[in-house]
Amino acid sequence: MFSLSFESNHRVLLAQFAGVLSSEDIKGSDKALAAFVARHGLARGILDFSSVQANALPRSFLAWRARLPQFLLGQERVIVAPQQEIYELARAYAAQQRDFGNLEGQIVRTLDDAYLALDLK
């Protein structure tokens with residue numbers, strides 16, 4: 001399950017995931033991100049996995065997803081991953097994105113750290 005919220009003054013889109021993280025959650029968020037960009041244009045992004053309780057996301061899915069063009073092309077992105085397993089997946093995903101010519105996202109452990117990374121108060 002995921003939710004999206006947008007802070008328009010700083011143009012930051014927050015995607016928050018909860019429960020069991022699956023490839024269906026990522027596919028659903030991709031569709032929502034595409035609709036957001038079509039309606040509002042580009043924005044910086046935070047992907048918050050703080051409320052994820054279990055991971056059912058195959059590494060092969062992440063490797064495939066990392067090769068695709070980014071929805072928030074050229075925009076800063078921060079991934080919040082307090083759980084060790086999600087943190088390691090996020091680091092591998094960010095490195096793969098970089099290797100395929102996409103902007104590498106920052107990986108942090110807390111939402112407060114994400115706000116700091118984007119210079120938000």
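This is a predicted model: local features need pLDDT of at least 70, side-chain atom pairs count only at pLDDT 80 or more; totals for chains, interfaces and linings use all residues.
I will start with helix 1, residues 23-40. Helix 1 has 18 residues, and from its first C-alpha to its last it reaches 25 Å.

Which residues of helix 1 are buried? They are Ser-23, Asp-25, Ile-26, Ser-29, Asp-30, Leu-33 and Phe-36. Looking down the axis of helix 1, these buried residues fall within an arc of 140°, so they line one face of the helix.

On the face turned away from the buried side, helix 1 carries the exposed residues Glu-24, Lys-31, Ala-38 and Arg-39. After helix 1 comes Gly-41, with a positive phi near 85°.

Next, the salt bridges. How many does the structure hold? There are five. As a general point, side chains of opposite charge can pair when their charged atoms come close.

Lys-27 counts as partly exposed, at 37% relative accessibility. Glu-24 has a relative accessible area of 53%, which is over the 50% cut-off, so Glu-24 is exposed.

Another pair links two helices. The side chains of Arg-65 and Asp-30 form a salt bridge at 2.8 Å, N to O. Arg-65 belongs to helix 2 and Asp-30 to helix 1, so this pair ties together parts that are 35 residues apart in sequence.

Are the two partners buried or exposed? Arg-65 has 5% relative accessibility and counts as buried. Asp-30 has 13%, and it counts as buried too. The cut-off for buried is under 20%, which is why both values qualify.

What does Arg-65 touch, leaving aside its neighbours within four places in sequence? Its contacts are Ile-26, Asp-30, Phe-71 and Tyr-93. Of these, Ile-26 and Asp-30 are among the buried residues of helix 1. Tyr-93 is one of the buried residues of helix 3.

That brings me to helix 3, residues 84-99. Its 16 residues should span 22 Å at 1.5 Å a residue, and the end C-alpha atoms are 23 Å apart, which agrees.

The buried residues here are Ile-86, Tyr-87, Leu-89, Ala-90, Tyr-93, Ala-94 and Gln-97. Seen down the axis of helix 3, they fall within an arc of 165°, so they line one face of the helix. What covers them includes strand 2 (12-21), strand 3 (44-55), helix 2 (59-66), strand 4 (77-80) and strand 5 (106-108).

A further salt bridge joins the side chains of Arg-98 and Asp-99, at 3.2 Å, N to O. Arg-98 is partly exposed, with 42% relative accessibility. Asp-99 counts as exposed, with 56%. Salt bridges with shared partners connect Arg-98, Asp-99 and Glu-104 into one network. Just after helix 3, Gly-101 takes a positive phi of about 85°.

Last, two residues other than glycine with positive phi. Arg-11 has a phi near 55°. It lies in the loop between strand 1 (2-7) and strand 2. With a relative accessible area of 31%, Arg-11 is partly exposed.

Asp-119 also has a phi near 55°. Where does Asp-119 lie? It is in the segment after helix 4 (111-117). Asp-119 counts as exposed, at 59% relative accessibility.

To recap, helix 1 has its buried residues on one face, and so does helix 3. The Arg-65 and Asp-30 pair ties helix 2 to helix 1. That is the end of the talk.

Notes
Residues are numbered from 1 along each chain as its sequence is written. Side-chain values use heavy atoms; hydrogens and water are left out. Helices (H or I, at least four residues) and strands (E, at least two) are DSSP runs, numbered from the N terminus. The expected span of a helix is 1.5 Å times one less than its number of residues. Buried means under 20% relative accessible area, exposed over 50%, partly exposed in between (1.4 Å probe, protein chains only). The arc is that of the directions from the helix axis to the C-beta atoms. Contact means heavy atoms within 4.5 Å. A salt bridge is a side-chain nitrogen of Lys or Arg within 4 Å of a carboxyl oxygen of Asp or Glu.
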